[in-house]
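Me: I would like to learn how to read a few features of a structure, one at a time. Could you take me through them, with the general idea before each case?

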Amino acid sequence: MEKHNHSLNNLFAQLGLASTDKDIEIFVKQHKPIESDVVLHQANIWTASQASFLQQSKDDDADWAEIVDQLDAMLR
């Protein structure tokens, strides 16, 4: 199986969010910190489909998992 190296910009685009570096910076500033006891996909900042994608990426250890982890760390 071929592994893809996704960027944070690609993840934001996949989630249907504005995906420039500046857009990501603004999003993170607006939504952090997520409480440490809240799993990323359960944070109240996501639509149902965004939350599902984030959860599935982690549960399946998909090629998105590493970048989802990066986003998680940025929002803490």
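Me: Let me start with accessibility: is aspartate 72 buried, partly exposed or exposed?

Reply: This is a predicted model, and what follows should be read with that in mind. The class of a residue follows from its relative accessible area, where buried means under 20%, exposed over 50%, and partly exposed the range in between. Aspartate 72 has a relative accessibility of 21%, so it counts as partly exposed. Its side chain forms a salt bridge with arginine 76, in which the closest N and O atoms are 2.7 Å apart, and arginine 76, at 32% relative accessibility, counts as partly exposed.

Me: How many salt bridges does the structure hold, and which residues do shared partners join into one network?

Reply: The idea is to look for a side-chain nitrogen of Lys or Arg within 4 Å of a carboxyl oxygen of Asp or Glu. The structure holds four salt bridges, and those that share partners join Lys22, Glu25 and Lys29 into one network. Glutamate 25 meets lysine 22 at 3.9 Å, N to O, and it also forms a salt bridge with lysine 29, where the closest N and O atoms are 3.2 Å apart.

Me: Where do glutamate 25 and its two partners lie along the helix, and how accessible are glutamate 25 and lysine 29?

Reply: Glutamate 25 and lysine 22 both lie in helix α2, three residues apart, which is about one turn of the helix. Glutamate 25 and lysine 29 are four residues apart in α2, and are therefore separated by about one helical turn. Glutamate 25 counts as partly exposed at 35% relative accessibility, whereas lysine 29 is exposed, with a relative accessible area of 60%.

Me: Which residues of α3 are buried, and why do they fall on the same side of the helix?

Reply: One reads this from the directions in which the C-beta atoms point from the helix axis, and from the arc that those directions cover. Helix α3, residues 48-59, has 12 residues and reaches 16 Å from its first C-alpha to its last, close to the 16 Å expected at 1.5 Å a residue. Its buried residues are Gln50, Ala51, Phe53, Leu54 and Ser57. Because they cover an arc of only 160° around the axis, they are on the same side of α3. On the other side, Ala48, Ser49 and Asp59 are exposed. The cover over the buried residues of α3 includes α1 (8-14) and α4 (65-74). After α3 comes aspartate 61, whose phi is positive, near 50°.

Me: What does glutamine 50 touch, leaving aside its neighbours within four places in sequence, and which backbone nitrogen does its side chain reach?

Reply: Glutamine 50, placed in helix α3, counts as buried at 7% relative accessibility. With those neighbours left aside, it is in contact with Leu15, Leu17 and Ile45. Its side chain reaches the backbone nitrogen of threonine 47 at 2.8 Å.

Me: Which residues of α4 are buried, and what do they pack against?

Reply: Ala65, Ile67, Val68 and Leu71 are the buried residues of α4. Seen down the helix axis they fall within an arc of 165°, so they line one face of α4, and they pack against α1 and α3. The face turned away from this buried side carries the exposed residues Glu66 and Ala73. From α1, leucine 8, which is buried with a relative accessible area of 10%, is in contact with residues including Ile67 and Leu71, as well as Ile24.

Me: How many aromatic pairs are there, and why is the pair of phenylalanine 12 and phenylalanine 27 called edge-to-face?

Reply: A pair of aromatic rings is described by the distance of the centres and the angle of the planes. The count comes to three aromatic pairs. The rings of phenylalanine 12 and phenylalanine 27 have their centres 5.2 Å apart and their planes at 90°, so this pair is edge-to-face. The pair links distant parts of the chain, with phenylalanine 12 in helix α1 and phenylalanine 27 in helix α2 (residues 21-31), 15 residues apart. Both phenylalanine 12 and phenylalanine 27 are buried, and Phe12, Phe27 and Trp46 form one aromatic cluster.

Notes. Residues numbered from 1 in each chain as written. Predicted model: local features only at pLDDT ≥ 70, side-chain atom pairs only at ≥ 80, totals over all residues. Heavy atoms only, no water. Helix = DSSP H or I, 4+ residues; strand = E, 2+ residues; numbered from the N terminus. Expected span 1.5 Å × (residues − 1). Buried < 20%, exposed > 50% of the residue type's maximum accessible area, 1.4 Å probe, protein only. Contact = heavy atoms within 4.5 Å. Phe/Tyr/Trp six-rings, centres within 6.5 Å; stacked < 30°, edge-to-face > 60°. Polar contact = N/O pair within 3.5 Å; in protein donor to acceptor, adjacent residues only side chain to side chain.
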